Amino acid sequence: MWFKRELSLPFTNRPLAEHNTLSSNHSKLRHKYFLQISLILALLFLTGTYYSRSKYEFTGILTSPPLGIPERVQRQWGQYSPWFPNKEYEYPPEGCEITQVNILQRHGARFPNADDKYVKSVQRLMRANKFVDSKLDFLREYQYDLEEEELLPFGASQSFEAGGAVFRRYAHLISEKILPFVRASGKNRVIHSATNWTVGFASATHQRINPTVTVIIPEDQNNTLHNICPNAGDGSKEKEAWLKVFSPPIIKRLQKAAPGASIAEEDVFNLMAMCPFESLAKQRASEFCSLFTDDEFKEFEYHGDIEKYYKTGYGESLGPVQGVGYVNELIARLTGRPVEDHTQHNDSLPFPLGRTLYADFTHENLMVAVYSAMGLYNITDDPLSTKKMDKDRIWVASRMVPFSSRMVVERLACQVDRASRFIIRPERTDVERSEDSDDGRQMKEYVRVLVNDAVQPLKFCGAGKHGICTLDAFIESQAYAQRNGDGDFEKCYN
Ligand SMILES: *[C@@H]1O[C@H](CO)[C@@H](O)[C@H](O)[C@H]1NC(C)=O
Ligand SMILES: *[C@@H]1O[C@H](CO)[C@@H](O)[C@H](O)[C@H]1NC(C)=O
Ligand SMILES: *[C@@H]1O[C@H](CO)[C@@H](O)[C@H](O)[C@H]1NC(C)=O
Ligand SMILES: *[C@@H]1O[C@H](CO)[C@@H](O)[C@H](O)[C@H]1NC(C)=O
């Protein structure tokens with residue numbers, strides 16, 4: 001797998017400064033990068049990418065390096081899944097032009113968090129008197145060696161790719177004069193995701209356009225890119241309830257395979273989590289993956305769905321309010337009017353209006369709060385059960401907030417007729433037609449929202465089959481945010 005090593009080179013352990021200064025030995029680096037980028041481009045062609053026939057450019061996306069694990073399995077890792085598109089990106093209908101793009105993106109794949117006790121669970125399993133199942137043989141020589149908290153090379157590469165993909169998709173919005181405006185929440189892995197994204201963006205422009213991360217918001221302050229609400233629940237009660245449902249048969253099997261090891265419910269979750277975390281860190285299939293069945297990983301995934309739902313989602317009464325600050329900032333950008341927010345927006349930080357492309361880097365819990373403040377994936381009437389998994393649910397963490405996940409809000413200018421119907425015939429014919437009849441043609445502003453490339457239904461502002469709402473209807477639908485969360489923000493503190 002020589003190319004894996006090659007591909008991960010640009011992302012590892014290089015301080016940001018190297019990318020932003022123009023020293024002479026830098027041009028050597030540049031040259032090296034150029035070769036690697038060419039390699040990436042070559043790979044793009046070899047890995048089933050495609051050309052879009054639209055007026056826009058190349059839209060291929062590379063979702064590697066490969067991990068040696070089928071995609072179907074990787075998608076069952078809940079919020080620990082690597083990024084995959086939920087759908088093939090589709091441009092808005094003919095006659096609509098994208099005039100602004102707002103990206104809210106989760107950091108890329110990371111090491112386990114410092115308070116995850118995966119190593120303890122692994123040690124507990126290793127303390128068995130013997131291993132009866134050969135799938136556990138690897139533990140005889142096993143050494144836990146995962147680091148903590150930081151962005152992984154894999155996560156850096158998905159962030160890099162995302163930056164390039166954004167330039168290729170929205171090149172018409174960007175020039176040397178109109179740069180993307182980029183912010184990050186103040187955690188290392190989030191900042192590194194943002195900087196790797198800017199490097200990916202710049203390399204897609206052949207270094208013609210070099211965005212930088214302009215604002216880093218510390219996480220110990222009120223921060224619209226970080227979920228903060230001291231009085232909010234965190235879903236642990238609900239997670240425990242579900243763990244009690246699905247872990248007993250797994251405990252029984254592991255006890256039998258590793259007599260003498262004393263495996264508890266939380267160990268089941270931790271040992272299953274070793275599969276994504278070790279695979280993503282080492283970029284090869286972790287042996288822990290083969291200790292569990294596909295169906296068990298579906299139950300593991302549901303555990304993540306429950307956590308997100310009852311932490312900052314609709315299942316926690318103080319969840320959605322944590323996303324209100326970002327939504328109010330989004331409204332400001334879409335309308336070009338100053339931010340009106342009494343939650344977490346900090347007025348003294350730079351917040352330019354009138355830009356065409358905004359990219360904000362954050363955590364998944366904040367993204368879930370934003371979805372829930374906006375009304376996306378609204379399953380309030382059919383909440384997640386902690387007893388039974390609904391196979392047809394739409395609330396699925398691996399699709400909503402995998403590593404490097406992104407919500408994109410596109411503002412559109414569309415040609416419509418008098419009845420506000422989109423004029424979706426090819427433009428030229430349309431112009432000819434309109435010359436001899438005044439059919440009330442005009443431009444109108446619209447919005448659509450994509451989560452991991454899938455257009456969201458936006459029923460709450462009256463969207464039809466294209467998932468498009470008028471800008472006015474969309475803004476109106478964001479009443480909870482505009483009312484600053486109906487007093488919920490204050491409840492976070494008193
Ligand atoms: C990219 O992310 C890695 C972490 O994997 C970090 O060490 C590196 O400094 C980042 N590079 C840039 C240009 O931000
Ligand atoms: C807002 O940001 C400024 C500049 O970083 C900082 O000094 C200030 O403490 C922040 N305000 C709040 C309320 O967090
Ligand atoms: C955030 O704002 C609230 C309400 O104004 C305040 O009570 C709280 O102390 C602030 N939090 C931080 C971390 O500054
Ligand atoms: C979610 O759905 C519920 C019930 O249909 C509704 O009352 C609520 O306003 C919706 N939430 C948002 C943010 O749109």
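## The shell around ligand 4

By class, the shell around ligand 4 in this predicted model holds 2 nonpolar, 3 polar and 1 charged residues, where Ala, Val, Leu, Ile, Met, Phe, Trp, Tyr, Cys and Pro count as nonpolar, Asp, Glu, Lys and Arg as charged, and the others, Gly among them, as polar. The residues in question are Gly 375, Asn 378, Thr 380, Asp 381, Phe 460 and Tyr 480, and a residue belongs to such a shell if its C-beta atom, placed from the backbone, lies within 6 Å of the molecule.

Around ligand 2 stand Gln 221, Asn 222, Asn 346, Ser 348 and Leu 349, a shell with 1 nonpolar, 4 polar and no charged residues.

## How the model is read

Because this is a predicted model, local features need pLDDT of at least 70 and side-chain atom pairs count only at pLDDT 80 or more, while totals for chains, interfaces and linings use all residues. Residues are numbered from 1 along each chain as its sequence is written, and chains are lettered from A and ligands numbered from 1 in the order in which they are written.

## The chain as a whole

The chain has 18 helices and 8 strands, which are DSSP runs numbered from the N terminus (H or I with at least four residues for helices, E with at least two for strands). Of its 494 residues, 45% count as buried; a residue is buried if 20 or more other C-beta atoms lie within 10 Å of its own, exposed if 12 or fewer, and partly exposed in between, with C-beta atoms placed from the backbone.

Among the contacts with a separation of 6 or more, 79% are between residues 24 or more positions apart, a contact being a pair of residues whose C-beta atoms, placed from the backbone, lie within 7 Å.

## Where α5 meets α10

Helix α5 (residues 118-126) and helix α10 (residues 265-282) pack at an angle of about 110°, with their axes 9 Å apart; axes are lines fitted to C-alpha atoms, for helices over the stretch in contact, and angles run from 0 to 180 degrees between N-to-C directions. The two helices α5 and α10 are therefore roughly perpendicular to each other, since angles of 65 to 115 degrees count as such, under 35 as roughly parallel, over 145 as roughly antiparallel and the rest as oblique. The contact of α5 with α10 has 7 nonpolar, 2 polar and 2 charged residues.

Leu 125 lies in α5 and is buried, with 24 other C-beta atoms within 10 Å. Leu 125 touches residues including Leu 139, Leu 254 and Leu 271.

## Two positive phi values

Most residues other than glycine have a negative phi. His 206, in the loop between α7 and β3 (213-217), has a positive phi near 55°, and His 206 is exposed, with 9 other C-beta atoms within 10 Å. Leu 458, in the loop between β7 (454-455) and β8 (469-470), has a positive phi of about 45°, but Leu 458 is buried, with 22 other C-beta atoms within 10 Å.

Notes: Contact = placed C-beta atoms within 7 Å. Lists of a residue's contacts leave out its neighbours within four places in sequence.
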